[in-house]
Amino acid sequence: MLPAGLWCRSHSNLMADPIVVLQMQRLGDVVLSFPLLLWLMRTFPGHPLWLRAEPQFAALARGLMPSGVRLLGPADDAELRATPAHLVLHLGHAESGAALAGAIVARRVLGLVRRDGVLRIHGFWHRYRASLVHANRHNRFHWADLYALDAVPMERMAATRWDAPRRPPSDKIGLFLGASTAAKRPDAVFWAGVCGHLRRFGFTPVLLGGPAEKPLAEAVRGLVRRPVLDLCGAFSLERLAYFGQELALLITPDTGPMHVAAWTGLRVLNVSLGPVWPWDTGPYQPGHLVLQAACSCRGCWACTRKAEPCRAPMTPRQVAMVAAAAVQDAPWPCVRGLRLAQTGRDAQGLYLLEPQCGAEPCARELVSRYWRAVWLAWGAEGEDGACRAASQQLWSAAPRLARAMTQGSLRLLRWLSTTPQSAVLPWSSFPPAVRPLASFVAVSLENDDYAPSSLRQAVALVERHLALCAPEASTPVPGP
């Protein structure tokens, strides 16, 4: 927030001041900003809404974004710096975006900002999202929601109703072949196997992608015994969205066109492979499907293993069976080694992955539910009662894990109470169940230059967490 004197310079009509969203990341990130744009228009009526994006991704998203939003590129940065804004939201982590956010005169700025040579993260939820880097194992908030929570009332988000994906009477199932990195996408053998199984189930597979996917599509065609329709490179992204109206389903890895498909109402089956976490960046609108390996390391930020465990259980036959069941409204098949979920919304209007096939919550999921309740209590004025209920469920179902979380949290408290000021908190040395808080505290301390007040706030957070996660007197606690 800027000083009042600087803000008020020759500005009498505040209603004319724009709201500026800086989303200078990839295509998927731009599309995931679209819900925020809708909420901002409804929350701040009368303020022009500007979106600054990188040219290659802005051009792709131009025909798909909400109407009434002005799309800006690098050539407009001088105008941005010269125009006072009502609100600036920087949604990325790039230094160039942080510098631009700091150069705009604004009543309020959220996200990563560089001003006078100093980097700062403004906003509780933006700080939380920054703490997820390599620490997103227990995250249960979608990035599209995190973009908005510091600026948009949750009541408005909860009141939003999303249309269900289209269900056209079609036998065509699209296969989007590519993704931004090789770790996120299946190979040609996998896609060829999916094509074969879909045909045996009575469906017509269609290969989709941009010009970069043409070699992969050629390899798939070479492995498939019968001709397969290959439309890679045939459409612009906007035209691909129109063609998607003819498809019964799109099978796709986590990629920008997956978000375009979900945004435009094409039902998606997300084959979630590699270092991606569908709670972070899965298809956002309700009614889509996510298939992911059940391995304990699923949802990593970066794979550290020689062989990626998330790939072996993901077989072409299982993917094709789930796709066929989805199109035919048949019971879900048994998918060994995999987890199937459907996107939805909870009572607060926030993103939800609903397990299918009656899967019971594992201990990891119980820890994640506890942390979700904690962040809502701390960042959105939620109730402590939900935290205590989640804690007691964890103590009842997995007492050893709950005890390990408590002991690790006490170690974190001792570190904060005894370590010299400005020492860097080794958050990754704490147990995984404690890392959500340890990482958030590490980001907060750095963000506040290790000020004594920041250290006191960190200690208070850990103490509050320990009070929330303490077992009830009636809960049996095993010994060490």
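Start at the largest cavity: its lining has 10 nonpolar, two polar and no charged residues. Here Ala, Val, Leu, Ile, Met, Phe, Trp, Tyr, Cys and Pro count as nonpolar, Asp, Glu, Lys and Arg as charged, and the others, Gly among them, as polar.

This is a predicted model: local features need pLDDT of at least 70, side-chain atom pairs count only at pLDDT 80 or more, and totals for chains, interfaces and linings use all residues. Residues are numbered from 1 along each chain as its sequence is written, and side-chain values use heavy atoms, with hydrogens and water left out.

**Stop 1: the largest cavity**

Select Phe176, Leu208, Leu237, Leu240, Ala241, Gly244, Leu250, Pro257, Val260, Ala261, Thr264 and Leu266. They line the largest cavity, which holds about 80 Å³ of space. A cavity is a set of points on a 1 Å grid over the protein atoms alone where a 1.4 Å probe fits but cannot get out; lining residues have an atom within 4 Å of a point. Grid points are joined across faces, edges and corners, and a volume is the space filled by probe spheres set on the points. Now colour α12 (237–243) and α13 (256–263): each supplies at least two residues of this lining. Helices (H or I, at least four residues) and strands (E, at least two) are DSSP runs, numbered from the N terminus.

**Stop 2**

The whole structure has three cavities of 30 Å³ or more.

**Stop 3**

Show the strands next. Six of them form an open, mixed sheet in the order β3-β2-β1-β4-β5-β6. At the edges are β3 (69–72) and β6 (118–122), each pairing on one side only. Two strands pair if DSSP finds at least two bridges between them. Zoom in on β2 (residues 49–52): it pairs with β3 in the parallel sense over four bridges. Leucine 51 stands opposite leucine 71 in β3.

**Stop 3: two positive phi angles**

Select aspartate 116, in the loop between β5 (106–115) and β6. Its phi is positive, about 55°, although it is not a glycine. Is aspartate 116 buried or exposed? It counts as exposed, because its relative accessibility is 75%. Buried means under 20% relative accessible area, exposed over 50%, partly exposed in between (1.4 Å probe, protein chains only).

Finish at histidine 134, in the loop between α7 (124–130) and α8 (143–148). Histidine 134 is not a glycine, yet has a positive phi of about 60°. At 48% relative accessibility, histidine 134 counts as partly exposed.

Note on methods:
On a 1 Å grid over the protein atoms alone, a cavity is a set of points where a 1.4 Å probe fits but cannot get out, and a pocket is an open set with protein on both sides within 12 Å along at least five of seven lines; lining residues have an atom within 4 Å of a point.
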